Amino acid sequence: MMTPRFLRPLFAAAALAATLTGAAAHAQQAAATAAQTAPAAAQPILNIGQIHDKLQAAGYTDIREIELEKRGFYEVKARDAQGQPVKLHVSAATGEVASSRAR
């Protein structure tokens, strides 16, 4: 069956619109998938001042040598509430002390 000549541009426009709509939907799906699988390192982290303030509020004193490690933690040298020197691993995302050991 032959398509009437006056309908051919209409069919071409419909085919183009369907192609563009499918491409846009694919791009949106790819962006959503990328956002869901983004590494944890991409999450915002607390800065050194915020880490210092959180540790001070938790009772640590003489807080020094706050260094960001690659694994998403800060390494901090400080003194605990009893005045003992400690080495802390602090979550860069939350500021919570993950581990503490005597220095």
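## A polar contact at Glu-69

The side chains of Glu-69 and Arg-71 are joined by a polar contact of 3.2 Å. This comes from a predicted model. A polar contact of 3.4 Å also links the side chain of Glu-69 to that of His-89.

Where does Glu-69 lie? Its place is the loop between S1 and S2. Is Glu-69 buried or exposed? Its relative accessibility is 18%. The cut-off for buried is under 20%, so Glu-69 counts as buried. Leaving out residues up to four places away in sequence, Glu-69 touches Glu-75 and His-89.

## The hairpin around the loop

S1 and S2 form a hairpin, with 4 residues between them. In the turn, Gly-72 has a positive phi of about 90 degrees. Thr-61 has Arg-79 in S2 as its bridge partner.

## The whole sheet

How many strands does the open sheet have? There are 4, in the order S1-S2-S3-S4, and the pairing is antiparallel. Strand S1 (61–68) and strand S4 (97–102) stand at the edges. Each has a single partner strand, so one side of each has no neighbour in the sheet. From one strand to the next, the twist averages 20 degrees.

At the S4 end, strand S3 (residues 85–91) is joined to S4 by 5 bridges. These strands run antiparallel. Val-90 stands opposite Val-97 in S4.

In a regular strand, side chains alternate between the two faces of the sheet.

## A helix across the strands

Helix H2 (residues 48–57) lies across S1, strand S2 (73–79), S3 and S4. H2 runs at about 145 degrees to S1.

## The nonpolar core

In soluble globular proteins, nonpolar side chains tend to be buried together. Here, the largest nonpolar core has 13 residues. Which of them touch the most other members? They are Ile-51, Leu-55, Val-76 and Leu-88. H2, S1, S2 and S3 each supply at least two residues of this core.

Take Val-76 as an example. Its neighbours within four places in sequence are left aside here.

Terms used
Residues are numbered from 1 along each chain as its sequence is written. This is a predicted model: local features need pLDDT of at least 70, side-chain atom pairs count only at pLDDT 80 or more; totals for chains, interfaces and linings use all residues. Side-chain values use heavy atoms; hydrogens and water are left out. Two strands pair if DSSP finds at least two bridges between them. Axes are lines fitted to C-alpha atoms, for helices over the stretch in contact, and angles run from 0 to 180 degrees between N-to-C directions. Contact means heavy atoms within 4.5 Å. A nonpolar core is a set of buried Ala, Val, Leu, Ile, Met, Phe, Trp, Tyr and Cys residues joined through side-chain atoms within 4.5 Å. Buried means under 20% relative accessible area, exposed over 50%, partly exposed in between (1.4 Å probe, protein chains only). A polar contact is a pair of N or O atoms within 3.5 Å; within protein, one must be able to donate a hydrogen and the other to accept it, and residues adjacent in sequence count only if both atoms are side-chain atoms.
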